[in-house]
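Please keep the sequence and the structure in view while reading.

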Amino acid sequence: MNKLTVFINNEVVFEFDRDITVDDQQLVFLDRMDSDMDSGIRIQGELLQNPDMLQRATFVVMNLIRALQQDNEAVISASCTYLVNRHPKLIEVHADDHENSIKVELIDEE
């Protein structure tokens, strides 16, 4: 399986099939996610008015982490779909807790 692996504190917590087929309705939803982020996003308390692709991905990863903690399958699926659609070479997401903040690293295939 061609997968996106999500690590939290160096532990695999989720794997997502990167080869999923995204239908038109899902693509519209992903576009709406981008449109919503156009007005600005907040990452660890900092407001980013014009987020770039990496900042958007970080924001989506933060929502993914929360969804995994809450076992929210809809948000998990939407977040992973967004990540693999907008970042097709992405193979790993690493999130590490550092006291009061979370460090996110995105790893692309070589």
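Helices and strands are taken here as DSSP runs, numbered from the N terminus, with helices being H or I runs of at least four residues and strands being E runs of at least two. Under that convention, S35 has its place in helix α1. The model is a predicted one, in which local features need pLDDT of at least 70 and side-chain atom pairs count only at pLDDT 80 or more, whereas totals for chains, interfaces and linings use all residues. Residues are numbered from 1 along each chain as its sequence is written, and side-chain values use heavy atoms, with hydrogens and water left out.

The C-alpha atoms of S35 and E110 are 30 Å apart, and 75 residues separate the two along the chain.

In general, side chains of opposite charge can pair when their charged atoms come close. A salt bridge is defined here as a side-chain nitrogen of Lys or Arg within 4 Å of a carboxyl oxygen of Asp or Glu. By this rule the model has 6 salt bridges. One of them joins D31 to R86, with 2.8 Å between the closest N and O atoms. This pair links distant parts of the chain, since D31 belongs to helix α1 (residues 24-38) and R86 to helix α3 (residues 73-86), 55 residues apart. D31 is partly exposed at 46% relative accessibility, whereas R86 has a relative accessible area of 17% and is therefore buried.

R86 also meets D34 in a salt bridge, at 2.8 Å from N to O. D34 lies in α1 and R86 in α3, so this pair ties together parts that are 52 residues apart in sequence. Here both D34 and R86 are buried.

A further salt bridge connects R56 with D38, the closest N and O atoms being 2.6 Å apart. Because R56 lies in helix α2 (residues 53-70) and D38 in α1, the pair ties together parts 18 residues apart in sequence. R56 is buried, with a relative accessible area of 10%, while D38 is partly exposed at 46%. Through shared partners, salt bridges join D31, D34, D38, R56 and R86 into one network.

How do α1 and α3 lie relative to each other? Their axes, which are lines fitted to C-alpha atoms over the stretch in contact, with angles from 0 to 180 degrees between N-to-C directions, come within 10 Å and cross at roughly 85 degrees. Angles under 35 degrees count as roughly parallel, over 145 as roughly antiparallel, 65 to 115 as roughly perpendicular and the rest as oblique, so α1 is roughly perpendicular to α3. Taking contact as heavy atoms within 4.5 Å, the residues involved include D31 and D34 of α1 and Y82 and R86 of α3.

A nonpolar core is a set of buried Ala, Val, Leu, Ile, Met, Phe, Trp, Tyr and Cys residues joined through side-chain atoms within 4.5 Å. The largest such core has 27 residues, of which L4, L64, Y82 and L83 touch the most other members. Its largest share, 8 residues, comes from α2.

Conventions. Buried means under 20% relative accessible area, exposed over 50%, partly exposed in between (1.4 Å probe, protein chains only).
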